[in-house]
Amino acid sequence: MLPTEELFVYVYVLVHDLMLDRAVVVPGRSGPAPACSDAELLAIAVTRHLLGRRSEAGFLAEVARDWGHLFPHLPHQSEANRRTRWLWGAFEQLRSALAARLPEDDCQQVDTSALPVKHPSRVRGPDQWTGPGNDLAARFGRDAAHAEWFYGFRLAAKTDLGSRIVRAWSIVPAAVSERDVAGDLLEAGPAPRDLLADKGFSGRGFAAAQAARGTAVLVPPGKKQRAAMASVLLKVIAEWRNRIETTFSEITDRMELARHGAHTFWGLLTRTAATIAAHTLLRVCLSHQ
């Protein structure tokens, strides 16, 4: 990782160049141009996630205190928060432009991870946690990774096996058919040759639908199958599955998405898009080392 000041400069120049090339386009707004540019806010948000800073307000104060010479016209927190939410689509364009710098793997993985928004004990009925459409609202779901129930949504992602770059993602209901989610994600981009997935994605119908697109679905073997398999093969399967678990760990734990601190669905959407853009930048840089 670069020193913080150099990291700010690198991310800003990257974002600014992509905006000049129209790879990242921000919708126009009425009124005078703000003193702090959209490129600066995008760079600040991406750098915050790269550094694993949990608090948006705390990081903005840190930037003003320690890096004010780089960003002399920082807006107040409320304005920065409002403008950053406006930029959520730009984060996704940034992720897409960065991911395009590496060819897609023939082998990909798909999985979901919990995105809690409130402790289950604090749920008292309908709340403000609703997204677009009638079926996207915070609900209870089972977090298999931590063997506990949560209240919120799920992050679904399709990643390359080799580079671990996120190729497609979405926020979905907490209690969702993982096979349906995978089908939607696989519509984005060319069909991979192989798809590694967890047991929740197993099913003849799903496997047949993907086979028709030229994709072989590979799921972990059951208990009886494992007993008849060589230990070296079991080790390879475990290593493959560990790749997507590591990816989710980087996004949700290291980059603090699991403790996002958002108060609305649109805040959650923005922070998810920014986090995945930051993760994509990290993976692209590491692949060039």
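1. Residues are numbered from 1 along each chain as its sequence is written. Because the model is predicted, local features need pLDDT of at least 70 and side-chain atom pairs count only at pLDDT 80 or more, while totals for chains, interfaces and linings use all residues, and side-chain values use heavy atoms, with hydrogens and water left out.

2. The axes of helix 1 (residues 4-20) and helix 2 (residues 38-51) come within 9 Å and cross at roughly 135 degrees, which makes helix 1 oblique to helix 2. Here helices are DSSP runs of H or I with at least four residues, and strands are runs of E with at least two; axes are lines fitted to C-alpha atoms, for helices over the stretch in contact, with angles from 0 to 180 degrees between N-to-C directions. Angles under 35 degrees count as roughly parallel, over 145 as roughly antiparallel, 65 to 115 as roughly perpendicular and the rest as oblique.

3. Phenylalanine 71 is found in the loop between helix 3 (56-66) and helix 4 (77-86), and it is buried, with a relative accessible area of 5% (buried means under 20%, exposed over 50%, partly exposed in between, with a 1.4 Å probe and protein chains only). Leaving aside neighbours within four places in sequence, phenylalanine 71 is in contact (heavy atoms within 4.5 Å) with Phe8, Glu40, Ile44 and Val63.

4. Lysine 118 lies in strand 1 (residues 107-118) and counts as buried at 17% relative accessibility. Beyond its neighbours within four places in sequence, lysine 118 is in contact with Val123, Asp127 and Tyr151.
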